[in-house]
Amino acid sequence: MTGAAGPEAREQAERTWASPGASPGGPDRDRPLTPIQRLVARFGRGLVIATPYGWLLLFFLLPFIIVLKISFAEFRLGVPPYTPLVTWLEGGYLHLKLALGNYLFLLDDPLYITAYLTSLKVALVSTVIALLIGYPMAYAIARSTPPWRSVFLLLVILPFWTSFLIRVYAWIGILKNNGLINNALMALGVIDEPLPLLNTEVSLYVGIVYSYLPFMVLPLYATLEKLDVSLLEAAADLGSRPFKTFLTVTLPLSLPGIVAGSMLVFIPAVGEFVIPDLLGGADTLMIGKVLWSEFFSNRDWPVASAVAIAMLVFLVVPIVIFQHHQQQHADRTEAG
Amino acid sequence: MQRRSPFLIATLAFGFAFLYGPILLLILYSFNESRLVTVWGGFSTKWYAELFRDEQILDAALVSLRVGVFSATIATVLGTLSALMMVRFGRFRGRLLFTGMITAPLVMPEVITGLSLLLLFVALETAIGWPAGRGVDTITIAHTTFCMAYVTVVVRARLAGLDRSVEEAAMDLGARPLKAFLVITLPMLMPALVSGWLLGFTLSLDDLVIASFVAGPSSTTLPMVVFSSVRLGISPKINALATLLVILATVTILIAAWILWRQERERDRAVSQALAEDKGRHATGRRA
Amino acid sequence: MIDTVVPQGPAARPEGSRPGAMQRRAEAPPIIDIQDVVKTFGDFVAVDHVSLTIREGELFALLGGSGCGKTTLLRMLAGFEQPTAGRILIGGQDMTRTAPYDRPVNMMFQSYALFPHMTVEANVAFGLRQDGRLPRARIRERVREMLDLVQLAPFAKRKPHHLSGGQRQRVALARSLAKHPKVLLLDEPLAALDKKLREETQLELVCIQERVGTTFVVVTHDQEEAMTMADRVAIMDTGRIVQVDTPHALYEYPNTRFVAEFFGTVNLFQGVLVEDEPDHVLIRSDALARPVYVGHGISAREAATVWVALRPEKIAISKQAPDTPHNWDSGIVEDIVYLGGISTFHVRMDGGALARVTMQNLERMAAPEITWDDRVYLSWRHDNIVVVTS
């Protein structure tokens, strides 16, 4: 085959294949566009941005502004059950009235301060326990052989897909006075009368750790799985003992997973309502439960809003850490 | 296990026992004849029969299904658009604010989200008369908002992993950007869209707190019914319901896992076959 | 014996296979005309005032290291990047701002970019279907033809991930040729293949190019690949084109030290022009004991700094001193590398520089044995020297 056949063959092919009406040898720039194509070409990018952006502005950001606004209003009987911030006075003057009373009330009543501190403490302790259980689990899964790894991972994810409420409910049957544990212990003769397990701090921690454990294990697994085993071998080769290697290589490299997992447990746990309500005792008052009863029992919307804003203030730092971490992670994967 | 450390095996055993023990007990006691949860009174399916006679639970289940399907679907559309923006659009005005708004719902305490959305709906109703009252619509909107954050995470990861040049190839071959997206990108994103949808559906089906805030008197979701009956004490009927939900989730996941596993095996087989055929081609001499 | 063997360069192109093809292409009209194109990303200048003409039917290679701008240039031809300045003409029409889907060029991607959810057949047919004007029967016929061309007809119904790497590469080729593009752009087309398959595929690509006659523009970082495949090669460095010529000319007459070093191996000696006549020049180098006599004139001022470039295979090595006044030097053998077909001697010259000399092993066996620490004499012909001024 020589090059001589080339151009001729091509010309012939062009004659055969070029569609009728196409400008000779030129691109189909004159191909007519449908109205939709024209719309997309012109506004496509804008439309894609505007839809989710608009949704979040309306249903995520605006609600917070309203909560902020109402937290400065005063409670009243009526619909809506709060006073307006801005009123038109006679003569067209605008009157803005910020009631700081709700926040002063929060500071004044030890109930709220205690609830906030208890929430932070419970969330912190639960996060640490979840980390202590979740880290070895994630490590074991990451180091297992492929078929087992998928099975273990599936087992971690599976509770995710089953009802959270029902998983919490399951513990009532286990922990209550005539529940499984107490019955078993009494049958074995270890104790004579039931241990108070339900509605204590113990049951609260059990519930939170149990519910949030998968959130801890998954990000940890994701970082540990990417960890190059040859790094550990290199450390061992250079004379580092396994535990030392763990402390100096594995642990620092899995820090992103630790941060992500801890934030995924800590932040929602602070505001948790269902678990303290079903498993926690009357004396462990958590802020989520306070907000709930302020809203549903007392019907005091302004105070509930102030409680929410105060809770957000506590959570701003961890949320920013979490977002920063998420962004870094996304940038890395998107760049790679 | 590559390293059969007894400590690691023990942790796994303990961890999974901790995760699954309560669920298994729940399933076991759903077949208990006795009303007392802790006393075994013989095998019985009577609680299932009673469950299916409970109109309140059945109605609530229908409401939950409707909310779940709608919010998962809308969230999948919005989440896909968000992921597209974040991975493909580079810098746009207000990107930082958007990133904040799309990741915050992942960790935001539910009581705050629920309260803020309720206050929004009330304010909107006062201002423009919409939404008139609260019910399935408001729950759907609320669930869509937090589900779309999860969908975005799932789709974004998949989109970032896609080879950009596949789309470029489509455009190079004459497809306009919208067509390239619909014909090439979207099918490649399909696994992420499916898992995003399922995740959204599950989260919606599971939510108690947000729904409690934004639900109206006429619309009660399944978790709300379960919650109020649990508060009154243990009911074997709830055990039966829990068992059904657990089985549903398990079967769905197992089917998905099985399909993935089979596809992978088939692909491995086909590739090794192709390699063998390739070798044959070179061995028999090149015809070029 | 010094002058008896003039070893050939590593050029492996089957030169005899296309009689007259080169001359005809030299007269062929330009299909791509790149006019003073600049592309910057922020502060980074990826492509820096590049002008280039590619003729119809050519197999043209853009060669350079990573980050030299060759891929950016290719992507501007495809329409995925827009030049910051300058114009790009394809087939005589200004297409600087034309969208990729409106250009009569197609691209074969480094990753192949096959549509994973479509069969091989559907992948190849994709471009033909975009028009919406081609009858189905014609599309089927053309797909068949393309699959025959790349010998993949039995795999038409397979999905891409059910194929081997080499088969995927051929699907990508068939897909990008199906629309009869005026120009086919190939981005590192063989980088993903293993070495043996790559060498076979290089010649296969050349054969297919000759059969279809389409202009090919290949981006590669592999000097041997460019030599094997291309009619002409443009060597790029930090966004600029350094030299454009046939592989033979690039190897024999590099215009800069960069080209000489990038395109093959070379011994470079810095020197000063001491005698500049129309028919010869004399260069004195600190590294060499005797002046270098070059048998042709050079366009440089007297006393200018120049570099003498000597290819390793153009230096003869012997244990006997030549009796000429120029163009030889002596040194000690420091190392010998046996490479099967040839051996490379690393000789420490008396002036301190290290020279590399290759010898065919056939010849080495016939000659008196040279071994480590031997004193040897290196000599070269006056017409085998390249002098570069920058």
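The structure is a predicted model, in which local features need pLDDT of at least 70 and side-chain atom pairs count only at pLDDT 80 or more, whereas totals for chains, interfaces and linings use all residues. Residues are numbered from 1 along each chain as its sequence is written, chains are lettered from A and ligands numbered from 1 in the order in which they are written, and side-chain values use heavy atoms, with hydrogens and water left out.

Chain A contains 14 helices and two strands; helices (H or I, at least four residues) and strands (E, at least two) are DSSP runs, numbered from the N terminus. Of its 336 residues, 50% are buried, where buried means under 20% relative accessible area, exposed over 50%, and partly exposed in between (1.4 Å probe, protein chains only). Among the contacts in chain A with a separation of 6 or more, 69% join residues 24 or more positions apart; a contact means heavy atoms within 4.5 Å. The chain exposes about 16,600 Å², and carbon and sulfur atoms supply 69% of this area. Accessible areas come from the Shrake-Rupley method with a 1.4 Å probe, and for residues only the protein chains shown count as cover.

For chain A, an unreviewed UniProt entry places the feature "transmembrane region" at residues 53-73, 111-139, 151-172, 202-224, 245-270 and 301-322. UniProt positions are given in the numbering used here, feature names are shortened, and annotations may be inferred rather than shown by experiment. In the model, residues 111-139 of chain A are 100% helix and 0% strand, with end C-alpha atoms 41 Å apart. Residues 202-224 of chain A are likewise 100% helix and 0% strand, and their end C-alpha atoms lie 30 Å apart. Helix α13 of chain A (residues 287-296) is mostly covered, since eight of its ten residues are buried. The buried residues of α13(A) include Lys289(A), Trp292(A) and Glu294(A).

For chain B, the unreviewed UniProt entry lists "transmembrane region" at residues 7-31, 60-84, 96-121, 141-159, 180-202 and 240-261. Residues 60-84 of chain B are 100% helix and 0% strand, and the end C-alpha atoms are 35 Å apart. Over residues 180-202 of chain B, the chain is again 100% helix and 0% strand, with 31 Å between the end C-alpha atoms.

Chain C has ten helices and 20 strands. Its C-alpha trace spans about 80 × 45 × 40 Å along the principal axes, and 56% of its 390 residues are buried. Of the contacts in chain C with a separation of 6 or more, 66% are between residues 24 or more positions apart. The accessible surface of chain C comes to about 16,500 Å², and 50% of it belongs to carbon and sulfur atoms.

A search of the whole structure finds six cavities of 30 Å³ or more. On a 1 Å grid over the protein atoms alone, a cavity is a set of points where a 1.4 Å probe fits but cannot get out, and lining residues have an atom within 4 Å of a point. Grid points are joined across faces, edges and corners, and a volume is the space filled by probe spheres set on the points. The largest cavity has a volume of about 550 Å³. Its lining comprises 30 residues, of which Tyr212(A), Phe215(A), Glu110(B), Tyr150(B) and Leu203(B) lie nearest the centre. Helices of both chains each supply at least two lining residues, including α6 (164-175) and α11 (255-270) of chain A and α5 (110-128) and α8 (177-206) of chain B. The largest share, four residues, comes from α8(A). The lining divides into 22 nonpolar, three polar and five charged residues; Ala, Val, Leu, Ile, Met, Phe, Trp, Tyr, Cys and Pro count as nonpolar, Asp, Glu, Lys and Arg as charged, and the others, Gly among them, as polar.

Val168(A) is found in helix α6 of chain A and is buried, with a relative accessible area of 0%. Beyond its neighbours within four places in sequence, Val168(A) is in contact with Ser211(A), Ile275(A), Leu278(A) and Leu279(A). The peptide bond from Trp130(B) to Pro131(B) is cis, with omega near -5°, and Pro131(B) is found in the loop between α5 and α6 of chain B. Arg299(A), although not a glycine, has a positive phi of about 55°; Arg299(A) is found in the loop between α13 and α14 (301-335) of chain A and counts as partly exposed at 46% relative accessibility. Asn327(C), also not a glycine, has a positive phi of about 60°. Asn327(C) is found in the loop between β15 (316-318) and β16 (328-338) of chain C and counts as buried at 7% relative accessibility.

Conventions: On a 1 Å grid over the protein atoms alone, a cavity is a set of points where a 1.4 Å probe fits but cannot get out, and a pocket is an open set with protein on both sides within 12 Å along at least five of seven lines; lining residues have an atom within 4 Å of a point.
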